[in-house]
Structure formats: structure tokens, C-alpha cells
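Hi,

Here is the model I promised to pass on.

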Amino acid sequence: MDFATLAPFLVEVVVGGLVLGFVYAIIALGYTMVYGVLQLINFAHSEVFVTGAVVGFEVFRVLKDVSMNGYLKLLIALLSAMVISGALNVLIERLAYRPLRNAPKLVPLITAIGVSLILQDTLRIIEGFQGRFDLTYTLPQGFAGPFCGPNSSCASLGSFLNTIGVRVKVTDIIVILVSLVSLGALNYLVNRTRMGKAIRAVAQDRVTAGLMGIDADRMISATFLIGGALGGISGVLFGMKFGTVNAYSGFDPGIIAFTAAVLGGIGSIPGAVLGGLTLGVIQSLIGAMSVLGGLAGIANLEAVDASYQRIGAFIVLVLILIFKPTGLLGKSNVEKV
Amino acid sequence: MTAARKPPRASQAEQSVLLLLFFLISSAVLLVSHNSDLLNQMGHLGTILKNPIVEAVMVSLFLANILFAYLWRAHPVVKLIVALGSLLFVLPLAGRADTSLLDLSIQVMIFAALALGLNIVVGLAGLLDLGYIAFFAVGAYTWSIFASPRFSEILKYFGENPGATNAGTLALGLALTVITAASMVYINRQTQRTAATAATTWSFRLASFGLVAGLILTARAALVLMSGQAGALAGGINPAFFWLFLALAIFTAAVVGVLIGLPVLKLKGDYLAIITLGLGEVIRVLALNLDLYSAGSQGITPVGSASVPWFNALAGRLGFEESQYNLLFLYFLVLLVILGIMQVNVRLDKSRIGRAWIAIRDDEVAAQAMGVPLLQTKLIAFATGASFAGVMGMIFAAKQTFISPESFVLNESIMVLAMVILGGMGSIPGVVLGAAVVALLRFRVLPGLGEASANVDWIPQQVNPSQLQKLIFGAILVAMMLLRPEGLLPSRRRQLELHHDENQEDDSGHGNAGALGKGNQGDVYSPGLAPVKENDRSGGAK
């Protein structure tokens, strides 16, 4: 095994992991926002994000024959996914969580599971009427944009850029860019605006925030709207990254994203991003393990297949939580007696 | 709160008669509707009774007997007659005509036992465990590996790949095991007398690693030395070992519970939830990938069961077919086991350890201050819950005669949690009811709905209820939780806790401070009250 072949491969694996990690991070933010305000694991979030993916697919399909810049189509897809997923999340909160605001904590958890089951079947029925179930993302082609690499003249969505022997997909770059923009927007929204301040106040103490003249219910709705919109974005990104989506494909990334949120310290926004990126890179490395094993001639490594990806994520989680019980960036909960 | 609001209740005698009447009618209908000869003679009525929806309703109504026997204030003797009559007499009799009924009852009881186990962990001790089904898997695999051709294949493998293993390895492994175990006990004694130092904790850890190594060496050597027996064990071990393994499954599941619990029980609430979820998945993925031991995704089959000649003879005399013997045997076994589990539950609920669990659930810090050893108490909860799951997993494996990782997915853990919360967390009859409701919905009512509407023309294929099982189930979960957030049969203790706030409002009617107004229901803060919300946060599974 020589370094010259290994290094570009490793870079590719890490970049792939980062892309995956950004998708996870944006999903994880949806969990962590809701958790921060309501201390509720929103099990329905994985379906909200699949809804976003489905909406993105439908937009790409409708706009297929419209002559338009590919990036504009992507923007329209992202915006419609954000709006619909956000509205769906608000609706879920209104119907399934708000009536249970004062119930014991596990009760809304069960309604969340119920909502997630309902949404899974609803999505499947809607797709069933259209006569298709596994949605294959066909990205808009035929546009000349800013991504013009040295080896390929001008890249369209879906093609590769090739520099110093490292091949990176254009969609991967777009995933990272969109994620960074949404992270920036979220950061601005939460830390710089009046609404963000109010949301943080409600997250800290709902009752006292109410006494200060903040309408807690409205702020919780706003949180669900933002969380749902993030879910919509991540859905479209997920579709672009993996190519196919169906009604049940939210489960796996949902679990991993929630793990990421916990890993980073649930309720913490930078934590969710860090957790997502960590898990993405780890999964990507485990996925590449058999290739690495082949290169290095280690038979045991070659036997490691993709089904160990989730185990790897959980083992990292267990190790980190044992040494840091509140996650990487979680605030330790000082208990006063 | 006042007596005037309660409706006048029927007298005991009236209720007794009603209960008996209901029992007799529903039993008769159940027996008739599962007798195909009779149904064929009845013509039109027979077709109605054969309808899957009607059948599901009949079964549910019949099972409601037992619920009513518990709920109504009938005479105790009548209650006993109804409960025993339906479980020991009517149900097996109906099951003779329709084996699926026996299967369903076993399924319901298995889930009831699982829910009772999880109820200890979540309902009493307040530890949100999302990987509970893993213990079920441990019990199931403990038995399936040995009671199927798997074991001989494992022996064959070790016979072909013995490595450097011989009798000397066995001796070494045993010696290592004994020495490390003894030193662990010794260190433990020492630390009880004097405070633990870094040296003792590290030597303890070192010894435990040695113990694991010793056990692995011993097991490997034993397998290699036994490999000559591979041919003789081609059909699995002697079914007489069933009873030994019943105890072993309880023990193994409890040990796994402790092993999983030890590192993670420091964590709280949702951190604990996600980490148990993760460890549950780890066990499932291991079962999926350790092909030699678990046959991977193909699953282990056929898994044997106990053979009890005298029981088979009895069943044969009662008119059961030979293929039904085993199911009937398992039915009575499950009935017995679940009675035992309920007894243990009732005792635990009232015992010192039960009160310690509740104390930890309500306020960890206060409980610790009162001298409750946190880790130990939580571990006991984990191990107890796990052992219930372990024994039921083994019975499940014997019933299905087939075991694969498919049966132990996260969804199943969530189902069991839904049973516990739907029924009423912390309440034993509630949890059993929740399990029965969920299991009936999943295995009888919803499939029945799908079957009945499969041939109806005006329902398009896409919205056939058999395709909508998840949706309907989810809608029922949401509706039930919105209507009865405390569960179907809430425990008395919990009910008092939950209505704490309403009682406060009642007080405010007497001139007590109600200054915070209606907008903040349930979060009333005043110097005299415990901050309810703070508990919600730290308790996790409140």
C-alpha cells in the first residue's frame, strides 16, 4: 500500500463523511430545537424530513421540462420543502403535543410515535396513488454555473469535480453550501433576532418567560416551524445525496441524527452540528473499512460491512457519554438541593 | 371529589349476575363462532360470524370478561369462576377448533409479561429504556442456539478449527476464572471495609477483564472438546433441558441487563433513552452478523420445545390434535409464568425496593440523601425487567420454532413502551390491559379489518385497511393519549400525583393564592409547593 493512492482515497472518504455529516447535522438540529424548548424527543421529525424529501422530488419532477437554471429549480425545491415541512411540523405540534403540554413527559412521546406511524402510511398512500413508491431523484441538468473545475469544463449538478486526484461530486459541494447557509441563517435567527431571544427565553423557563410578556405557545409554534423547515431542507439534501427516498427511509437517518443530537449535547445547536459531522465521518470511515482492509491486506477489516455503520455510531456514543454524560457540548446540569 | 357526582353503582349481587351472564354469552358466542361445522350449518348467520371483523370483536369481547372480572365489584367467588373458567376452560376449548386463537392468547400474554417488565424499569424506576426488546432477544437466542441444529454446527466449526486448544487450555481457563473471581470478591470485601482507592478500582477492573478472558477460554475449550458430539446433537439438545434453560434464560437476560446497565445508568432521561436504544441495536446487529451462532438474517429454525409426555396424553384425551399439543402446553406454561410475574410485581410494588424505585423516579437527589443506593437500585430494576423479557423470549422462540433478528427491531421496543403508557404507567392491571389492547389490535383487529375489506370493490387498493395498519394504529395511539393521558387504568398513586394541580386550584377557591391565573395551569409556583416542572426535567421518564 503506498501513500499516493491511499491519501486521495482517504480525503474522498472524509469529504463524503462530512457531506453525510452535514445532512445528519441539519436533521439533528430539528430534533435539538424541539428538545431544547419542550424536552420532547420528536419522533415524528424523521417523517417530517421525509416529507421534505418527497416535496423536493415532486418539485424536480414538475419542473423537469421547464427551461430554467438548475440552481433556481433547486432553490424552488428547497423553499417549497421548507414551507410544507414547517407547516406540517406546526400542525403536528398543535394537534398532538399542545393538548398534552402538562401531561407527564412520556405521553407526548407516545403521540409522537403515533404521528410518525400515521405520516409513514399517509406518505406511502399518496405515493401509491401516483403509482410509485421508491422515488428516484433525477436532478436538473443542463446548466452552466460557477463550478468549473480544472479537468471538467463546467459541471452540471450530479457530475464530478476532479482536482489533485480527489473526486468530489458537485451535489456534495451543494449539500455543504446549503447546509452552511442554513446554519448561518439559523444562528442569526436564534442569536440575533427578537424572536430568537424569545425562543431562548421560553426554552430556559416557560413560566417566567410568560410573565415577561412572551407568548410561549407562539414561540413553541415558531420553534416547530423552524425545526420543520430545517427538516425540509435536510430532506432535499438527503434525496440529493442518496438518490432514492421512500416513506420509510426516514427511520435510519432519523435515529442517527438523534444520536448525533445527543452526542453533541441535546438542546445545543453547535453540539448538534458537531455530533452530526462526527457521526458522518465515522460512518463513512466504517463504510470504507473493507476497501481500506483490501488495500492494506487485512482480512478482518475486509469483512466489516455497511451494517456495522450504525453499531460504530452507537459505540462512539456510548464511549463519549460514559466520559461526558451530557454530550460533547452539553451544559452539565448542576443540581441544587 | 364529592360523592354526588358519582353515578349510583349497581349492587354486588346485580354485578355478579351481570358478570356471569356476560361470561356465559360471550363464551358461547366464542365457542360457536370458532366451530366451523356448526357455522356451516347455520347458513347466513354463519357467514356473518365467520367475518374477520366480527370474529375479532368476539375475541375482544371474550377477553373483556377477564377485565370486567377485575373491575366490577362482583362477588369474589363469581370473579374467580369467570377468570378461571375463561382462561382454563373456554379459551383452550375454542383454541382446539381454531389453533390461531391459542397462538393469539400466547402472543398477548408474552407482550403482557414484556410490558410488566418494562413497567418496572420505566413505570416504577423512571428509567426510559428504548432497547428493552434486546433482553427478549437474549432469552430467545439462549434457547434457540441449543435447541436447534445450530449447536451441532457450532461444534462442527470448532472441531474443524481447534487452534491450539486442548485439555490444558480448559484447565488454564478454569483456573483463571476461579482466581479472578476470587480476587474480585476479595477486593470487593476490602473496599467495603475501607474506602476504595485508585489501586483497588483498577485491580478490580483488571480482575474483571481476567474473568472475561477465563470464561472465553473455558467456553472455547469446552466447545472444542465437545466437538465429537456434533453428530449426536444434530437435532438440538434433549428437550428435557427446557426447564434448566428456562432458569438460564432468566439468569442470562438479567446478567446482560446488569452489563448494559453498569456503564450507562449514570446517565439520565433522554441520554439514557438513546443509549439503551443504541445498545439494543448493537445486540440486534450482532445477532445479524455473528452468522456462526445466530445464522444471521436467515434465522434459526427449527427451535425445539419441551416434551411433556403426561401433558400430551392428557391433551390427547381431551380431543386435541397432535400438532396442537405443544401450543397448548406453551399456553398453560405462559399462563403460569405470567401469574408468577404478576405476583412478583405486586410484591415488588409494595416492598422496600419498590418504594426505593419510586423514590428514585420522583427525585433522585432526595432519594440518595435518604440513603437509597442509586446504582444498585437501578441495576436491580434493569435486571428484574430484563429477566421477565428473557423468560418470555425463550417461550416465544419455542412457540415460533423460528427466530431471526427481524423480531427484535426498535419498533418492538417502542410497541412495548406504548403498551405500558397506554395502559397506565406504574399500574399492573393497566399495563396488562394495555398489552392486551395493543396486541389484539396488531394481531387480530387490524388484520381482520384488512381481510374483510380486501374484496370490497369501492375501496381502492391503496387505502385497503390492511395497507393502513400503521396509520390506524398510530391514530388510535394519538387519540387514546389525547383522551386519557394517564392511561386506561392509571395507578392510584399516579392519579393522585397528576391531579395534584387540580387540587391546588380547588384550594384557590377557598381564598388561597390563585394569582397566577389560568394561563399557567399546572405550573403554579409558590413557596410552599415543590417545583413540579423541575422534577419533570431531571426525572426523565416522569
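The side chains of B:Arg361 and B:Asp362 meet in a salt bridge, 3.3 Å from N to O; by that term I mean a side-chain nitrogen of Lys or Arg within 4 Å of a carboxyl oxygen of Asp or Glu. B:Arg361 is buried at 6% relative accessibility, while B:Asp362 is partly exposed at 26%. (Buried is under 20% relative accessible area, exposed is over 50%, and partly exposed is in between, with a 1.4 Å probe and protein chains only.)

Before going on, some housekeeping: this is a predicted model, so local features need pLDDT of at least 70 and side-chain atom pairs count only at pLDDT 80 or more, while totals for chains, interfaces and linings use all residues. Residues are numbered from 1 along each chain as its sequence is written, chains are lettered from A and ligands numbered from 1 in the order in which they are written, and side-chain values use heavy atoms, with hydrogens and water left out.

Back to the charges. Searching the whole structure gives 12 salt bridges over all chains. One of them pairs A:Asp217 with A:Arg101, with the closest N and O atoms 2.6 Å apart. A:Asp217 sits in helix α8 (residues 216–242) of chain A and A:Arg101 in the loop between α3 (70–97) and α4 (106–130), so the pair ties together parts that are 116 residues apart in sequence. (Helices are DSSP runs of H or I, at least four residues, and strands are runs of E, at least two, numbered from the N terminus.) A:Asp217 is partly exposed at 32%, whereas A:Arg101 counts as buried at 18%.

Another pair is A:Arg61 and A:Glu58, 2.7 Å apart at the closest N and O atoms. They are 3 residues apart in helix α2 (residues 45–62) of chain A, which means about one helical turn between them. A:Arg61 is partly exposed at 38%, and A:Glu58 is buried at 18%.

So what about the interface? Here 55 residues of chain B are in contact (heavy atoms within 4.5 Å) with 58 residues of chain A. The buried area is about 4900 Å², and carbon and sulfur atoms give 72% of it; that is the accessible area (1.4 Å probe) the two parts lose on being put together, summed over both. B:Asp270, B:Tyr271 and B:Ile274 supply 14% of what chain B buries there, more than any other three residues. How many salt bridges cross between chain B and chain A? The rule finds 0. α12(B) gives the most to chain B's side, with 13 residues.

One residue inside chain B is also worth a look: B:Ser144, in helix α7 (residues 133–146). B:Ser144 is buried, with a relative accessible area of 0%. Leaving aside neighbours within four places in sequence, B:Ser144 is in contact with B:Ile300, B:Val303, B:Ala397 and B:Ile403.

Lastly, an unreviewed UniProt entry lists transmembrane regions in chain A, including residues 173–190 and 255–274; positions follow the numbering used here, feature names are shortened, and annotations may be inferred rather than shown by experiment. Residues 173–190 are 100% helix and 0% strand, with end C-alpha atoms 26 Å apart. For residues 255–274 the span is 80% helix and 0% strand, and the end C-alpha atoms lie 16 Å apart.

Cheers
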